[in-house]
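Here is a short report on one protein chain. Please keep the sequence and the 3D view side by side while reading.

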Amino acid sequence: MYRLPTEAEWEFAARGGIFSNGYSYAGSKNLRQVGWYLENGQHQTNTVGLLQPNELGLYDMSGNVWEWCQDWWNYEYYEQCHQQGVVHNPKGPELGKVRVVRGGSWRYTFESGVSYRYGNIPSGCSYDLGLRLSRTAL
């Protein structure tokens, strides 16, 4: 079954999974090497795979387009999880009006780090908004 990743799954993958080198961006400490953003994105969505991948071989998880996650948006959610001791694969709030988007886009610079999170209404559409599907193990 294919689905949107949870926010925690998305971040784990963007950080390089168990092979993570702790970079600020998905695969590098230098955004220009791994992501399309305001300074190099040519004001458009770019072809995936032209820049360096992250440690898992995934391309464009920093910049290019924001990517939908299945979690509902809550600005304080991770802080609340940490306070409650939930630190492994939190599932996100049960209800909401806005979904999480991650990764940044070619229209921005500072939002492209692997830890940056934002929200968008589910009916939202934009030239810099896309998705990356996950597959549930059978």
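Helices here are DSSP runs of H or I with at least four residues, numbered from the N terminus. The model is predicted. By that numbering, H1 is followed by Gly16, whose phi is positive, near 100°.

H1 covers residues 7-14. The helix is mostly covered, with six of its eight residues buried. These are Glu7, Ala8, Trp10, Glu11, Ala13 and Ala14.

An α-helix has 3.6 residues a turn, so residues three or four places apart point the same way. In H1, Glu7 and Glu11 are both on the buried list.

Is Thr6 buried or exposed? Its relative accessible area is 5%, so Thr6 is buried. Leaving aside residues up to four places away in sequence, Thr6 touches Cys69, Gln70, Asp71 and Asn89.

## The sheet

Four strands form an open sheet with mixed pairing. Their order is E4-E3-E2-E5. The edge strands are E4 and E5 (129-130), and each pairs on one side only.

E3 and E4 run antiparallel and are joined by four bridges. Across this pairing, Val100 stands opposite Gly119 in E4.

## Salt bridges

Side chains of opposite charge can pair when their charged atoms come close. How many salt bridges does the whole structure hold? The search finds eight.

One of them joins Glu7 to Arg102, with the closest N and O atoms 2.9 Å apart. This pair links distant parts of the chain: Glu7 is in helix H1, Arg102 is in strand E3, and they are 95 residues apart. Both Glu7 and Arg102 are buried.

Glu11 has two of these partners to follow. With Arg15, Glu11 forms a salt bridge whose closest N and O atoms are 2.8 Å apart. Glu11 is buried, with a relative accessible area of 18%. Arg15 counts as partly exposed at 31% relative accessibility. Glu11 also forms a salt bridge with Arg102, and here the closest N and O atoms are 2.7 Å apart. Glu11 lies in H1 and Arg102 in E3, so this pair ties together parts 91 residues apart in sequence.

How accessible is Arg102, and which class does that give? At 0% relative accessibility, Arg102 counts as buried. Salt bridges that share partners join Glu7, Glu11, Arg15, Arg102 and Arg117 into one network.

## Aromatic pairs

The structure holds five aromatic pairs. Trp66 and Tyr108 form one that is edge-to-face. Their ring centres are 6.1 Å apart, with 65° between the planes. The pair links distant parts of the chain, 42 residues apart. Trp66 is in strand E2 (residues 66-72), while Tyr108 is in the loop between strand E3 (99-102) and strand E4 (117-120). Trp66 counts as buried at 7% relative accessibility. Tyr108 is partly exposed, with a relative accessible area of 29%.

Why is the pair of Trp73 and Tyr118 called tilted? Planes under 30 degrees apart count as stacked, those over 60 as edge-to-face, and the rest as tilted. The planes of Trp73 and Tyr118 stand at 55°, so the pair is tilted. Their ring centres are 6.4 Å apart. This pair also links distant parts of the chain: Trp73 is in the loop between E2 and helix H3 (77-84), Tyr118 is in strand E4, and they are 45 residues apart. Trp73 counts as partly exposed at 25% relative accessibility. Tyr118 counts as partly exposed at 45%.

Ring pairs link Trp66, Trp73, Tyr75, Tyr108, Tyr116 and Tyr118 into a cluster.

## A charge over a ring

The charged end of Arg99 sits over the ring of Trp72, 3.6 Å from the ring centre. Trp72 falls within the range of strand E2, residues 66-72. Arg99 falls within that of strand E3, 99-102.

Notes
Residues numbered from 1 in each chain as written. Predicted model: local features only at pLDDT ≥ 70, side-chain atom pairs only at ≥ 80, totals over all residues. Heavy atoms only, no water. Phe/Tyr/Trp six-rings, centres within 6.5 Å; stacked < 30°, edge-to-face > 60°. Helix = DSSP H or I, 4+ residues; strand = E, 2+ residues; numbered from the N terminus. Buried < 20%, exposed > 50% of the residue type's maximum accessible area, 1.4 Å probe, protein only. Lys NZ or Arg CZ within 6 Å of the ring centre and 35° of its normal. Pairing = 2+ DSSP bridges. Salt bridge = Lys/Arg side-chain N within 4 Å of Asp/Glu carboxyl O. Contact = heavy atoms within 4.5 Å.
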